[in-house]
Amino acid sequence: MRANRTRASCALALVLTLGGTLTGCGGDGGGPGGKVRLQFTWWGNPDRAARTEKAVKLFERRHPDIDITTSFAGFDTYLAKLATQAAGGDAPDVMQLDYRQINQYATSGILLDLGEHPELRSSEIDRGLLATGVVDGKQYALPAARGTETVAYDAALWRKAGVPAPTRSWTWDDWSDAMRKLSAAKTSQGRVGSIDPGQSEDVFEIWLRGQGKSLYTKDEKLGFTEDDLTRYWEWSNGLRKQGAVSPAEQTTLMDGTVENTPLGRQKAIADFNWDAPVSGYEAIVGKGLKMAPMPVGEDGTAGQYFKPSMFFGASAKTAHPKQAAQFIDFLLNDKEAGAILGATRGIPANDTIRQEVLPKLEGFDQVISTYQKQFEGKLKDPPPAPPKGDASLQKTFSRDYDQVSYEHMSPREAARDYITEAKAELRQ
């Protein structure tokens, strides 16, 4: 850790774990016996944590002069904790980053320019994916893996309800009809069809892309109108009122973990999620867990895309930039590390590691690989990393829809409120 860390900041970091597993706080940038100590944090489920810890131990065996202290938490808790640490000038040495954090953290001086460190190789990473970690011409983050969204569902309950299985060409109307039938089926065990899509900016983006629109324009302005958002929320709100998707009491309990989604609590039959975290449902749903493509627009336009499932970055204030770069290089480019990590963060972004890993994947990792293969060469390019301010707008999006689902505001009123706040946040 950095030399200016005090006992007070260490205690604050411990409090901020909020259920995570932060271990160790350094005082002078060194560990026992004069070792370099790096703090590494990420979000994820227990499976990702176990594999990551195994990879970290391998790195430490190869680099006996470096100690890695680790922390992980659920997605929402992790983002809140990291934002607090970053704002206080105490970001971890190495951190897992979401697509929507890159621009904000890079332009705020929080991230290290990794392009200045030859210890970190990027030649085996897809150029398109690599570009998503570039801000103002500098490589502030490197993609760990690629992922794409999916409809995760309990195939056993779906089949018992007699609802046709999802296909790559099903539309949002097809999805809506399926959710109504699932909710009404006597075999559904009192569960609704799906999580309410109205609360998710990610799902809204794919819905927009299926209509030829976007969440943001190239010049970082909103790519949709008040009418677009009103229409989306009227659609989702109607499904909620029909009992086809989860009620407000269920969606507001979500905290970024699969366990606290309606599907994870066995209150719904399906969920929207990125493909890698879906592995966390397996222990809950069992062998009947399946993944379906995201619905397409009425004319067949797919809004789905491959994006970096997450990135690795380093703190601009780390006392050990060389060792931080070495550790990120190991996570991304080492074959043994790749074999350990598998697809727990998504299918590896490194081309060589991906080819090494894919034939050896087992269990749900193989399911994710097979799921992605059907989209090779068929999806549009990912959008640029969202502008600074989007991370807070994700929360605003969910908060405004909560007002709709609790019937405190109409979809039009909530959409107007969101557009106003979004323009102010983006300084339009």
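This is a predicted model: local features need pLDDT of at least 70, side-chain atom pairs count only at pLDDT 80 or more; totals for chains, interfaces and linings use all residues.
Now widen the selection to the whole helices, residues 201–209 for α8 and residues 226–241 for α9. Their axes lie 11 Å apart and the packing angle is about 115°; angles of 65 to 115 degrees count as roughly perpendicular, so that is how α8 and α9 stand to each other. Turn the view to look at how α8 passes α9, and you will find a right-handed crossing.

Next stop, the sheet. Show β8, β9, β7 and β10, which follow one another in that order in an open, four-stranded sheet with mixed pairing. Colour β8 (192–194) and β10 (289–292) separately: these are the edge strands, and each has a single partner, so one side of each lacks a neighbour in the sheet. From one strand to the next, the twist averages 25°.

Zoom in on β8 and its pairing with β9 (residues 268–274), which is parallel and runs over two bridges. Pick Val192 here, and you will see Ala268 of β9 opposite.

Finally, bring in the helices that pack on this sheet. Helix α7 (residues 172–184) touches β7 (149–154), β8 and β9, and its direction makes about 155° with that of β8. Helix α15 (residues 363–373) touches β7 and β10, with its direction at about 20° to that of β10.

Key: Residues are numbered from 1 along each chain as its sequence is written. Side-chain values use heavy atoms; hydrogens and water are left out. Axes are lines fitted to C-alpha atoms, for helices over the stretch in contact, and angles run from 0 to 180 degrees between N-to-C directions. Angles under 35 degrees count as roughly parallel, over 145 as roughly antiparallel, 65 to 115 as roughly perpendicular and the rest as oblique. A crossing is left-handed if the near helix is turned anticlockwise from the far one by less than a right angle, and right-handed if clockwise. Two strands pair if DSSP finds at least two bridges between them. Contact means heavy atoms within 4.5 Å.
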